[in-house]
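Subject: Structure handover and findings

Dear colleague,

Please find below the structure for your records. My notes on it follow directly after.

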Amino acid sequence: MRGTVLFGINTIYTVLSREQEYQCRIKGKKLKSTGRWYNPLAPGDEVEFEMDPLSDEKGAIVER
């Protein structure tokens, strides 16, 4: 699914997709940066995420 990051706290990001909000974490280290600080996503970023098979409100961000 595709969505827009609304905000993030620690490692949990709220993503808006199809008029619904999802709580997503980054899957693996796909978005790892080379800098000293690691804050890969910001509000307004478009992301691809996979739904959690055990929850209708959670997912995993797989791509920016």
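I begin with E48, which counts as partly exposed at 26% relative accessibility. Please bear in mind throughout that this is a predicted model.

**The salt bridge**

E48 forms a salt bridge with R2, and the closest N and O atoms of the pair lie 2.9 Å apart.

**How the strands pair**

One of the facing pairs here is V5 with V15 of β2. β2 in turn pairs with strand β3, residues 20-26, in the antiparallel sense over 5 bridges. In that pairing T14 stands opposite Q23 of β3.

What backbone feature does N10 show although it is not a glycine? N10 has a positive phi of about 55°. This residue sits in the loop between β1 and β2, and the hairpin of those strands has 2 residues between them. N10 is exposed, because its relative accessible area of 74% is over the 50% cut-off.

R18 presents a positive phi of about 55° too, and it is not a glycine either. Its place is in the loop between β2 and β3, where the hairpin again has 2 residues between the strands. With a relative accessible area of 69%, R18 is exposed.

T14 is found in strand β2. Is T14 buried or exposed? Its relative accessible area is 10%, which is under 20%, and T14 is therefore buried. Leaving aside neighbours within four places in sequence, T14 is in contact with T4, V5, L6, F7, E21 and Y22. V5, one of these contacts, is the residue that stands opposite V15 in β2.

**The nonpolar surface patch**

L6, F7, I9 and L16 make a nonpolar surface patch of about 340 Å². Which strand gives the largest share of the patch? Strand β1, residues 2-9, supplies that share with 3 residues. L16 lies in strand β2, which covers residues 12-17. L16 is partly exposed, with a relative accessible area of 36%. L6 and F7 belong to the patch, and both are also among the residues in contact with T14.

M51 lies in strand β4, which covers residues 46-51. At a relative accessible area of 32%, M51 is partly exposed, because this value falls between the 20% and 50% cut-offs. Not counting residues up to four places away in sequence, M51 touches M1, Y22, D56, E57, K58 and G59. Y22 is also in contact with T14. The C-alpha atoms of M51 and Q23 are separated by 9.8 Å, and the two residues are 28 residues apart along the chain.

S55 is placed in the loop between β4 and β5, the latter being residues 58-63. Its relative accessible area is 19%, so S55 counts as buried under the 20% cut-off. The side chain of S55 reaches the backbone nitrogen of E57 at 3.1 Å. E57 is also one of the residues that M51 touches.

**Points to look at when you open the model**

- The salt bridge of R2 with E48, at 2.9 Å between the closest N and O atoms.
- The positive phi of N10, in the loop between β1 and β2.
- The positive phi of R18, in the loop between β2 and β3.
- The nonpolar surface patch of L6, F7, I9 and L16.
- The reach of the S55 side chain to the backbone nitrogen of E57.

With kind regards

Conventions: Residues are numbered from 1 along each chain as its sequence is written. This is a predicted model: local features need pLDDT of at least 70, side-chain atom pairs count only at pLDDT 80 or more; totals for chains, interfaces and linings use all residues. Side-chain values use heavy atoms; hydrogens and water are left out. Helices (H or I, at least four residues) and strands (E, at least two) are DSSP runs, numbered from the N terminus. Buried means under 20% relative accessible area, exposed over 50%, partly exposed in between (1.4 Å probe, protein chains only). Contact means heavy atoms within 4.5 Å. Patches are made of residues with over 30% relative accessible area and no salt bridge: like charges are joined within 9 Å, nonpolar side chains (Val, Leu, Ile, Met, Phe, Trp, Tyr) within 5 Å. Accessible areas come from the Shrake-Rupley method with a 1.4 Å probe; for residues, only the protein chains shown count as cover. A salt bridge is a side-chain nitrogen of Lys or Arg within 4 Å of a carboxyl oxygen of Asp or Glu. A polar contact is a pair of N or O atoms within 3.5 Å; within protein, one must be able to donate a hydrogen and the other to accept it, and residues adjacent in sequence count only if both atoms are side-chain atoms. Two strands pair if DSSP finds at least two bridges between them.
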